[in-house]
Amino acid sequence: MKALRMMTAVLALGLCFVSAAFAAPKAITVASDATWPPMEFVDANKKIVGFDIDFMTAVAKEAGLQVTFKNTAWDGIFAGVEAGQYDAIISSVTITPERQAKYDFTTPYVQIGQILVVPKAEKGTKIADLKGKKIGAQIGTTGAMEVKKVAGVELKTYDEVGLAFEDMAAGRIAGVVCDEPTAITYALQKKEYSSKFKIVGKSFTKEAYGIVVKKGNKELVAQLNKGIAAVQKKKIDVQLKKKWQLK
């Protein structure tokens, strides 16, 4: 009987530890790869800004959370949330089945698509038209995945999408594939590129962004979903889309 009581106590203690591991927090640290305007980027004052940053700030406020942002390189951003270096990621992360198998996601908060940017002299309007040429994309993104699907084109990956646009301006690649809002920023709004590049065709994927949380942290997902619902009900997201010129 004593052994049974001890076993019961150990099991109960274990359950308490599991529950405590994912207890609802009051403050969170959120990682973002601030190289993806207008969603997340570093401004002239070295501050992380963008739609995602404003949106996450609003969500945290509605959820009763204090939030701190951490600028984190894309190639290690998912490993960091797994290791507990931060609580969540908001960084234009498309919800995919492969990612859902490894991480938990909030409800979607933005719908976007991939699009192709090329030099103004280029006649091709889709990836397949650039067979025999190199196309750039940020490593590990859905844009890079889309380029890989097309036979006959060579994918060149970059740690930051801005480096891909620099290479295209220098004539080293024939196109760049990225999320439409970022393509608009680089191709149409940046003075150094607006006379050189054009967006061709229409977005050719349908994707949804979500906030990433470590697998199993259902409490935080629930808190963030509560915040997202409140932001959407109050139309704060609509105001932010206008601010950052999102469709």
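What we are looking at is a predicted model, in which local features need pLDDT of at least 70 and side-chain atom pairs count only at pLDDT 80 or more, while totals for chains, interfaces and linings use all residues. Residues are numbered from 1 along each chain as its sequence is written, and side-chain values use heavy atoms, with hydrogens and water left out.

Let me start with E40, which sits in strand β3, residues 40–42; helices (H or I, at least four residues) and strands (E, at least two) are DSSP runs, numbered from the N terminus. Leaving aside neighbours within four places in sequence, E40 is in contact with several residues, including S32, D33, V49, D52 and I90. E40 is buried and yet has no salt bridge, since the nearest side chain of opposite charge, that of R99, is 11 Å away. Buried means under 20% relative accessible area, exposed over 50%, and partly exposed in between, with a 1.4 Å probe and protein chains only. Lys and Arg count as positive and Asp and Glu as negative, with His and the chain ends not counted, and a salt bridge is a side-chain nitrogen of Lys or Arg within 4 Å of a carboxyl oxygen of Asp or Glu.

K218 is exposed, at 53% relative accessible area, whereas D104 is buried, at 7%. Another salt bridge brings together the side chains of K156 and D167, at 3.0 Å from N to O, and this pair links strand β11, where K156 lies, with helix α6, which holds D167.

That strand takes us to the sheet, an open one of 5 strands in the order β11-β10-β12-β9-β13, with mixed pairing; two strands pair if DSSP finds at least two bridges between them. At the edges are β11 (154–158) and β13 (197–200), each pairing on one side only. Strand β9 (residues 114–119) and β13 run antiparallel and are joined by 4 bridges, and L116 has V200 in β13 as its bridge partner.

Key
Contact = heavy atoms within 4.5 Å.
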